[in-house]
Amino acid sequence: MKTLACLACLAAAPVFAQSYPEADAIVSIGGPVTEIIYALGEGDRIIARDTTSLYPPEVEELPDVGYMRQLSAEGVLSVGPDLIVTRDTAGPPEVIDQLEAASIPVVGVPDGYTEDTVLAAIRTIGTALGVEAEAERLAGTVADDFAELGDLHRADPPRVMFILSNQGGRLNVAGDDTGANGILALAGAENVMAADYKGYKIMSDEAIIAAAPDVVVMMTGEEEHEARRGQILSLPAIAQTPAGQNGAFVTVDPAALSFGPRTADFARELNAALDAAVGG
C-alpha cells in the first residue's frame, strides 16, 4: 500500500506509516529525511537522493534525482527504487501522483519547524524502514537535545532580522512559519518580522528601519563572509539599524532551516554567535 500523508493531516494527528523492512533501494527526498535515515544506521539502503540532501557528506556520492519541489517522475523512477521516502512538501503534486501510480511505495514524512515535527519524522521513517526500536532510541536522544535548549532563553532576547537573499538591495526577509523563524526561536532570539507576516517577503527600506534589528542573520553561501557582511551592512536601510551601526552580522548553515536530528546543535551554535554579535 502506498502512503503519502497530506500536510494538513500530519499537523492534526500522529502519522502512521506503512512498514517496508525489506526495502533496500530507497530514494530519499529532503535533507532531514536523508539525515534521519543515516542517523538510524540505514544509509546503505539509499540508492539516490535529492539536491537538498547534503549530509552526511558521503551522500553526495549518490545519484541526484533533482530538487525536491521540482522532481520528475522519470528521474526518480530511473534509478529503480523499491521505496520512496520524502518530505511531504515535495512535489510537484502531479509528480507524486505519477510515482504512486507506478506502484512504488511512497512514504510522506512530516515537515515543519518544531521539536514535535522532528520527533514525528524520526518515528515515521523508523516505521517505514522497519527499525522502530532504533527510531525510539534516536527520538529519545533528540528530545533530550531539545530539552537542553531551554537554558538559551532569556528575558531580553536579541532582536534578529533573517535575510534569505539580497536581490540588488531588495531584501527578502523571513517572517513567521519559516525554518528561519523556527531556528531563531530555538536559539533564544526574537524574529523582528514574525508578528507581521508568514513566509518570506521583500521588505521596504522604511520597514527595515522601523524593525530596528540588533543583529542580521543570513545563510552561509559561496560568497566570502566578510564580503557579504560588508555588502549587507552598508545598505542604506540596514546602516540605520542597531545591527548596521554595531556591525552585528551572523551566518548559519542552510541546513539549520530544515529541521532534523542536528537542529538543537544548530540552535546552540546560533545562540553563541548571536551573544557574541551583541556582546552578550
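**Exercise 1. Find out how much space the largest pocket holds, which residues line it, and where it lies.**

Step 1: Start with the volume. The largest pocket holds about 600 Å³ of space. A pocket here is an open set of points on a 1 Å grid over the protein atoms alone, with protein on both sides within 12 Å along at least five of seven lines, and lining residues have an atom within 4 Å of a point. A volume is the space filled by probe spheres set on the points, which are joined across faces, edges and corners.

Step 2: Look at the lining. It has 24 residues, and the closest to the pocket's centre are Thr52, Arg87, Pro254, Ala255 and Ser258.

Step 3: Sort the lining by type. There are 12 nonpolar, seven polar and five charged residues. Ala, Val, Leu, Ile, Met, Phe, Trp, Tyr, Cys and Pro count as nonpolar, Asp, Glu, Lys and Arg as charged, and the others, Gly among them, as polar.

Step 4: Domain 1 (26-148) and domain 2 (154-279) both give residues to the lining, so the largest pocket lies between them. These bounds come from an automatic or database domain assignment.

A word on the model: it is predicted, so local features need pLDDT of at least 70 and side-chain atom pairs count only at pLDDT 80 or more, while totals for chains, interfaces and linings use all residues. Residues are numbered from 1 along each chain as its sequence is written, and side-chain values use heavy atoms, with hydrogens and water left out.

**Exercise 2. Describe how the two domains are placed.**

Step 1: Take the centres over C-alpha atoms; 28 Å separate those of domain 1 and domain 2.

Step 2: Look for contacts (heavy atoms within 4.5 Å). Here 13 residues of domain 1 are in contact with 14 residues of domain 2.

**Exercise 3. Follow helix α5 and its surroundings.**

Step 1: Find the helix. α5 covers residues 115-129; helices (H or I, at least four residues) and strands (E, at least two) are DSSP runs, numbered from the N terminus.

Step 2: Check its span. The 15 residues reach 21 Å from first C-alpha to last, close to the 21 Å expected at 1.5 Å a residue. That expected span is 1.5 Å times one less than the number of residues.

Step 3: Pick out buried residues (under 20% relative accessible area; exposed is over 50%, partly exposed in between, with a 1.4 Å probe and protein chains only). Among those in α5 are Val118, Ala121 and Ile125. The buried residues of α5 pack against β1, α2, β3, β4 and α6.

Step 4: See what comes next. Gly130 follows α5, with a positive phi near 75°.

Technical notes
On a 1 Å grid over the protein atoms alone, a cavity is a set of points where a 1.4 Å probe fits but cannot get out, and a pocket is an open set with protein on both sides within 12 Å along at least five of seven lines; lining residues have an atom within 4 Å of a point.
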